[in-house]
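This briefing covers helix packing and a few individual residues. Please look at the sequence and the fold before reading on.

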Amino acid sequence: MNKYKNLMLNTMILAVGTFGSKILAMFLTRLYTTYMGADILGTKELIETTANFLIPIFTFAISESVIRYGLDKDFDNKQVFSTAMSVQFFGMIIMVLLSPILSVIPFIKGYTTLLVIYVIVSSLRQTCSLFVRSIGHMKLYAADGILATLSLFLFNIFFISYLDLGLKGFMFSIIASDLCSVIFISLTTKLWKYFSIKAADKDITRIMLRFSIPMIPTSIMWIITGFSDRIFIKYLPGPEGEVGDTAAGLYTAASRLPNLISMVSTVFFQAWNMSSISEYGSKGIGKFYEKVFGAYQSVMFIASAGIIILVEPLSRILLNYNKHPEYALAVNYTPVLILSVLMMCFNMFLSSVYTAAEKTKNSFWTSLIVTVLNIILNVFLIRYYGVHGAVATTFVSYIVCYIIRIIDTRRYIYFKVNHIYTAVNIVSLLVLAVLQVILPDSKTIYLILIALFIVAINFRAVISTAKNILSRKKG
């Protein structure tokens with residue numbers, strides 16, 4: 001099959017599941033901002049981030065190896081899954097033994113047991129779902145995405161809205177939803193047939209861990225980059241109203257709308273990651289990357305422009321201003337955060353080169369530079385500019401990461417990139433974002449003109465890739 005068509009087919013299948021699940025997840029934001037004030041919402045985000053921080057540590061990021069070697073025809077699927085599950089079980093035992101240490105953290109105190117269960121069930125679901133995707137059950141993977149989010153939505157209504165359990169209700173919902181997902185995947189694919197202690201091969205374990213272990217600090221550092229923003233806003237001194245619990249909650253609320261950009265990217269990236277691994281080493285791989293990355297950038301630039309223009313009405317839909325009026329301030333931080341997420345998405349695309357080429361150490365050191373820069377800038381800028389300082393820090397950090405990776409990754413797979421085109425788009429979007437925040441209501445005409453300019457310069461790349469997809473030629 002034409003590799004462009006194969007990429008598009010996988011993207012469309014994943015889109016059905018991902019868009020359905022993400023749209024339901026967006027409605028959850030409305031639920032959270034109805035039943036949680038900005039201070040509680042900030043704590044919820046910290047607990048959720050802590051769980052995401054712990055998962056790669058105590059699973060040895062083995063799920064990264066599942067998708068990499070599950071797609072590799074030189075590896076036996078049963079050995080890959082059995083090895084991954086054995087490593088994960090070992091890590092979970094260590095976490096349970098060390099869990100009393102977690103209760104020392106102020107915002108986790110009282111939630112330690114639930115957090116441990118949360119991490120265990122979520123990591124199990126992550127490994128199972130990625131394995132199912134790697135062995136070709138794309139439609140099942142998409143269906144599970146919808147069912148998991150639908151169950152999460154219903155559990156949240158029950159535990160938070162009906163039982164009024166607040167943060168504990170949120171954690172109960174995550175645990176119950178992920179557990180239902182694991183049961184669904186296991187029953188539909190008879191997943192137990194792929195697991196055997198005897199199939200957990202030592203050589204396979206070494207190969208998988210050699211690939212996944214460098215991804216642990218990489219995953220952690222990306223989490224720290226976002227985590228440090230909220231921690232520093234919550235605890236550092238700064239301008240009145242721009243730091244503290246409420247300010248941290250506003251930053252969290254402002255981060256919700258940019259997730260629309262992440263949603264568009266996630267659908268594509270899941271399919272792209274499979275294609276980049278499958279096509280690695282094939283003839284014309286550089287040209288493949290060039291065309292796909294160009295079209296991907298164009299779509300993301302256009303989508304970002306659209307969301308920045310609609311930031312105010314979309315924020316009103318997602319955030320409950322009536323119940324908690326303070327959420328209306330979040331719109332001041334959202335436009336530049338949209339650009340930050342855009343750059344993060346480009347960095348994720350470039351990380352696929354490291355995954356395909358098995359150069360995960362490079363992913364680590366590029367992430368390390370960004371994390372250190374993010375922490376340093378946060379310490380200085382939040383003291384003087386509060387939430388705006390954190391927003392600026394995130395954007396600058398991701399720009400730096402992009403510059404480093406666009407140079408480094410092309411040492412392994414060379415593909416042409418139009419740097420002037422990229423720079424013009426980013427500057428145009430930055431101007432659009434700043435105007436959205438600082439100008440009065442008369443800004444509409446300026447926003448529309450800039451957005452039309454962005455659409456005009458990106459339209460051609462999208463059409464060009466569409467022709468490749470529709471072409472009957474192979475390659």
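Helices here are DSSP runs of H or I with at least four residues, strands are runs of E with at least two, and both are numbered from the N terminus. The model is predicted: local features need pLDDT of at least 70 and side-chain atom pairs count only at pLDDT 80 or more, while totals for chains, interfaces and linings use all residues. Residues are numbered from 1 along each chain as its sequence is written, and side-chain values use heavy atoms, with hydrogens and water left out.

- S99 is in the loop between α4 (77–98) and α5.
- S99 has 13% relative accessibility and counts as buried (buried means under 20% relative accessible area, exposed over 50%, partly exposed in between, with a 1.4 Å probe and protein chains only).
- Leaving out residues up to four places away in sequence, S99 touches T112 and V116 (contact means heavy atoms within 4.5 Å).
- Helix α5 (residues 112–134) has 23 residues, which should span 33 Å at 1.5 Å a residue, and its end C-alpha atoms are 33 Å apart, in agreement (the expected span is 1.5 Å times one less than the number of residues).
- Of the 23 residues of α5, 17 are buried, so the helix is largely enclosed by the rest of the structure.
- G136 follows α5 and has a positive phi, near 100°.

**Packing of α12 and α14**

- Helix α12 (residues 285–309) packs against helix α14 (residues 334–356) at an angle of about 165°, with the axes 10 Å apart (axes are lines fitted to C-alpha atoms, for helices over the stretch in contact, and angles run from 0 to 180 degrees between N-to-C directions).
- The two helices α12 and α14 are therefore roughly antiparallel (over 145 degrees; under 35 is roughly parallel, 65 to 115 roughly perpendicular and the rest oblique).
- Residues in this contact include Y289, F293 and M300 of α12 and L342, F346 and F349 of α14.
- The contact of α12 with α14 has 17 nonpolar, 3 polar and no charged residues (nonpolar: Ala, Val, Leu, Ile, Met, Phe, Trp, Tyr, Cys and Pro; charged: Asp, Glu, Lys and Arg; polar: the others, Gly among them).

**Packing of α16 and α17**

- Helix α16 (residues 387–408) and helix α17 (residues 419–438) pack at about 175°, with axes 14 Å apart.
- That angle makes α16 roughly antiparallel to α17.
- From α16, F395, I399, Y402 and I406 meet H419, T422, I426 and L430 of α17.
- By class, this contact of α16 with α17 has 6 nonpolar, 2 polar and no charged residues.

**S173 in α7**

- S173 belongs to helix α7 (residues 166–189) and is buried, at a relative accessible area of 0%.
- Not counting residues up to four places away in sequence, S173 touches L152, F155, N156 and F159.
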